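Please look over the chain shown below with the following report at hand. The text goes through the sheets and helices, then the core, the charged pairs and the aromatic rings.

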Amino acid sequence: MTRAASKQRTTKETAIEVSIDLDGGDVSVSTGLPFFDHMLDQLGRHGGFGLRVEAKGDLHVDGHHTVEDTGILLGETFREAAGDKAGVARFASGLFPLDEALVEVALDLSGRPFTVWEVPFGEVLPLGDPPFNPEMAGHFWQSFATAAGITLHVRKRAGENTHHVVEASFKGVARCLRAAVRIEGTGVPSTKGVL
């Protein structure tokens, strides 16, 4: 069984291509936002996924459209790759540290999109050049979870360094996605028979 998919999305603001293989492969990311590339690279590597993201957006405006549309398309591609989710673990959660930062993540491949993002920042400092607005991390995950049909909770337990907090959230979601898509049975893990 192949758990892989590729999709494209083109609007007046962005042109994006995404490929994902839930069972592994190379990771290649280019969005024009170096810090965002670094975070998506973490998602692929810590998720254990083959992942390719190529995005061109209206960065002369800001990074919002590029980040949002990448989240939407990545979520749609993830959902297609997961298929009917037969045999998956479905749920995953954990605490994920990065130096002084500690982030809690819980998720369910429920088919019911819902996002709780409780990750407050002190002073918001753009990261990278061109800059990535750290507040866009929550918007990315909301866009991803909605398109993927995932219930996702992310909470900051500790952390002062913005880079560390954002990176811990990406690594944490990645590790939970990796655990949730792990095959551990044969049937769809739901009393409804579908997810």
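## Sheets, core and side-chain pairs

An open sheet with mixed pairing is built from four strands in the order β1-β2-β4-β3, where helices (H or I, at least four residues) and strands (E, at least two) are DSSP runs numbered from the N terminus, and two strands pair if DSSP finds at least two bridges between them. Because β1 (4-10) and β3 (27-30) stand at the edges with a single partner strand each, one side of each is left without a neighbour in the sheet. From one strand to the next, the twist averages 5 degrees; axes here are lines fitted to C-alpha atoms, for helices over the stretch in contact, and angles run from 0 to 180 degrees between N-to-C directions. This is a predicted model, in which local features need pLDDT of at least 70 and side-chain atom pairs count only at pLDDT 80 or more, while totals for chains, interfaces and linings use all residues. Residues are numbered from 1 along each chain as its sequence is written, and side-chain values use heavy atoms, with hydrogens and water left out.

Within this sheet, β1 pairs with strand β2 (residues 14-21) in the antiparallel sense over seven bridges, and T10 stands opposite A15 in β2. Helix α1 (residues 34-47) lies across β3 and β4 (50-57) and runs at about 160 degrees to β3, whereas helix α2 (residues 64-82) lies across β1, β2 and β4 and runs at about 35 degrees to β2.

Another open sheet, again with mixed pairing, has four strands in the order β5-β6-β8-β7. Its edge strands are β5 (91-98) and β7 (114-118), each of which pairs on one side only. On average, and with direction ignored, neighbouring strands of this sheet are turned by 10 degrees against each other. Strand β6 (residues 101-108) and strand β8 (residues 151-158) run antiparallel and are joined by seven bridges, and the bridge partner of D108 in β8 is T151. Helix α3 (residues 136-148) lies across β7 and β8, at about 165 degrees to β7, and helix α4 (residues 162-180) lies across β5, β6, β7 and β8, at about 150 degrees to β5.

The largest nonpolar core has 56 residues, of which F78, I150 and L177 touch the most other members. Such a core is a set of buried Ala, Val, Leu, Ile, Met, Phe, Trp, Tyr and Cys residues joined through side-chain atoms within 4.5 Å, and buried means under 20% relative accessible area, exposed over 50% and partly exposed in between (1.4 Å probe, protein chains only). Helix α4 gives the largest share of this core, nine residues. Not counting residues up to four places away in sequence, I150 touches residues including F78, L107, D108, F144 and L177.

Across the whole structure, a search finds ten salt bridges, a salt bridge being a side-chain nitrogen of Lys or Arg within 4 Å of a carboxyl oxygen of Asp or Glu. Three of them are listed here.

| Salt bridge | N to O distance |
|---|---|
| D23 and R3 | 2.7 Å |
| R90 and D108 | 2.6 Å |
| R157 and E104 | 3.3 Å |

D23 lies in the loop between β2 and β3 and R3 in the segment before β1, so this pair ties together parts that are 20 residues apart in sequence. D23 is partly exposed, with a relative accessible area of 48%, whereas R3 counts as buried at 6% relative accessibility. R90 and D108 are both buried. R157 is partly exposed, with a relative accessible area of 49%, and E104 counts as partly exposed at 26% relative accessibility.

The structure also holds ten aromatic pairs; rings of Phe, Tyr and Trp (its six-membered ring) pair if their centres lie within 6.5 Å, and planes under 30 degrees apart count as stacked, over 60 as edge-to-face and the rest as tilted. The rings of F35 and F132 have centres 5.4 Å apart and planes at 40 degrees, so the pair is tilted. Since F35 lies in helix α1 and F132 in the loop between β7 and α3, the pair ties together parts that are 97 residues apart in sequence. F35 counts as buried at 6% relative accessibility, as does F132 at 2%. W141 and F144 form an edge-to-face pair, because their ring centres are 5.6 Å apart and their planes stand at 90 degrees. One aromatic cluster is formed by F35, F36, F49, F78, F132, F140, W141, F144 and F170.

Conventions. Contact = heavy atoms within 4.5 Å.
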